Amino acid sequence: MKTSLIVPAYNEEKGLPLVIKEYLDWVDEIIVVDDGSSDETFAAAMKCANDKVKVFRHEVNSGKVAALRTGVAHASGDIIIFTDADCTYPARYVSDLVLEIEKGADLVLGARLESRHNIPLFNRLGNNIFSFLATYISCMKIEDSQTGMRAFRRQMFDKLDVQAKGLEFETKMTVRAAKLGYKIVEIPIEYRERVGKSKLRPVKDGARMLESLLSVAYSESSLLSKMILLPSFAFILIGMLIGFISIYEKFQYGIISHEFYPLFTAFLILIGVQLISLGLIVDFLTKKLDRIEEQLMK
Ligand SMILES: Nc1nc2c(ncn2[C@@H]2O[C@H](COP(=O)(O)OP(=O)(O)OP(=O)(O)O)[C@@H](O)[C@H]2O)c(=O)[nH]1
Ligand SMILES: [Mg+2]
């Protein structure tokens with residue numbers, strides 16, 4: 001099967017040529033999308049352009065996702081592989097990713113489990129939190145929800161594509177695929193130190209990742225689990241409100257007007273958390289049954 005590598009690049013004049021050179025022997029086609037870079041990225045890409053390396057350019061910076069979509073639209077391969085233009089993802093894992101697709105996986109992730117110290121500390125913390133949340137939300141073990149190295153069949157892209165603009169795209173795609181019951185396989189990979197300057201804004205992008213995780217968790221849930229999830233959030237909110245009132249009264253007046261308030265808080269939050277777990281389990285089972293039914297009908 002023909003493989004197409006998509007490389008979105010924004011101000012990556014140093015890393016991009018190294019990435020192209022490294023991946024050349026591992027894929028059948030490389031599609032570079034320069035996203036309105038203000039440095040020499042485009043010139044660097046054009047120096048490498050040939051039959052196998054195709055270069056496209058957005059006149060204005062439109063974001064990583066727009067660049068990935070442009071890349072996929074121009075790809076002619078059966079298998080699409082994403083990687084970053086900063087030299088962090090080694091090319092030697094391409095054959096493992098492709099093998100898993102050929103064996104039937106819908107989405108293969110290069111999970112950055114080796115040399116994790118090359119992910120800046122704060123980002124690593126975020127990565128652990130988001131991967132834990134992704135695991136919890138999808139009831140499927142996900143080690144690295146944010147990884148930029150991933151592969152899938154070209155015709156899967158419409159199903160895997162999600163509404164996002166920036167670096168929250170990968171997390172959202174992973175969780176949605178898991179929620180929809182697609183087969184996700186993770187290959188442990190090494191993560192190298194970045195060449196060039198990072199484009200990730202930890203706080204802003206982190207907030208968008210959290211928001212997209214929650215929105216995908218809710219929107220992709222079945223009606224039955226939504227009916228369980230909605231009251232559970234209400235329980236937690238009311239519990240927290242009563243908790244805040246108790247703390248306020250304790251500090252303001254030295255006494256809580258109702259001695260059972262803290263108990264209510266603990267009770268409501270506990271019920272809320274248990275209901276959320278129940279809602280997620282119901283959703284997981286519903287999706288699994290749907291997928292089995294789908295396969296039986298084929
Ligand atoms: N096309 C396009 N690509 C972008 C944009 N912002 C970032 N990228 C690319 O997306 C990839 C990921 O961005 P990075 O800055 O490496 O983010 P990261 O990998 O999460 O964080 P680091 O560990 O710091 O590298 C790189 O190849 C960037 O060039 C953008 O606005 N447009
Ligand atoms: Mg990077």
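Leu-121 and Phe-132 are exposed on one side of helix α5, exposed meaning that 12 or fewer other C-beta atoms, placed from the backbone, lie within 10 Å of a residue's own, buried 20 or more, and partly exposed in between. The model is predicted; local features need pLDDT of at least 70, side-chain atom pairs count only at pLDDT 80 or more, and totals for chains, interfaces and linings use all residues. Residues are numbered from 1 along each chain as its sequence is written, while chains are lettered from A and ligands numbered from 1 in the order in which they are written.

The buried residues of α5 are Gly-126, Asn-127, Phe-130, Ser-131, Ala-134, Ile-137 and Ser-138. They lie on the same side of α5, because they cover an arc of only 130° around the axis. The arc is that of the directions from the helix axis to the C-beta atoms. These buried residues pack against α7 (169-179), α8 and α10. Helices are DSSP runs (H or I, at least four residues), numbered from the N terminus. Cys-139 follows α5 and has a positive phi, near 55°.

Helix α5 (residues 121-138) packs with helix α8 (residues 202-219) at an angle of about 0°. Their axes are 11 Å apart. The two helices are therefore roughly parallel to each other, a term for angles under 35 degrees. Residues of α5, including Phe-122, Phe-130 and Leu-133, meet residues of α8, among them Met-209 and Leu-213. Contact requires C-beta atoms, placed from the backbone, within 7 Å.

Helix α10 (residues 261-297) contains Leu-278. Leu-278 counts as partly exposed, because it has 14 C-beta neighbours inside 10 Å.

Note on methods. Axes are lines fitted to C-alpha atoms, for helices over the stretch in contact, and angles run from 0 to 180 degrees between N-to-C directions. Angles under 35 degrees count as roughly parallel, over 145 as roughly antiparallel, 65 to 115 as roughly perpendicular and the rest as oblique. Two residues are in contact if their C-beta atoms, placed from the backbone, lie within 7 Å.
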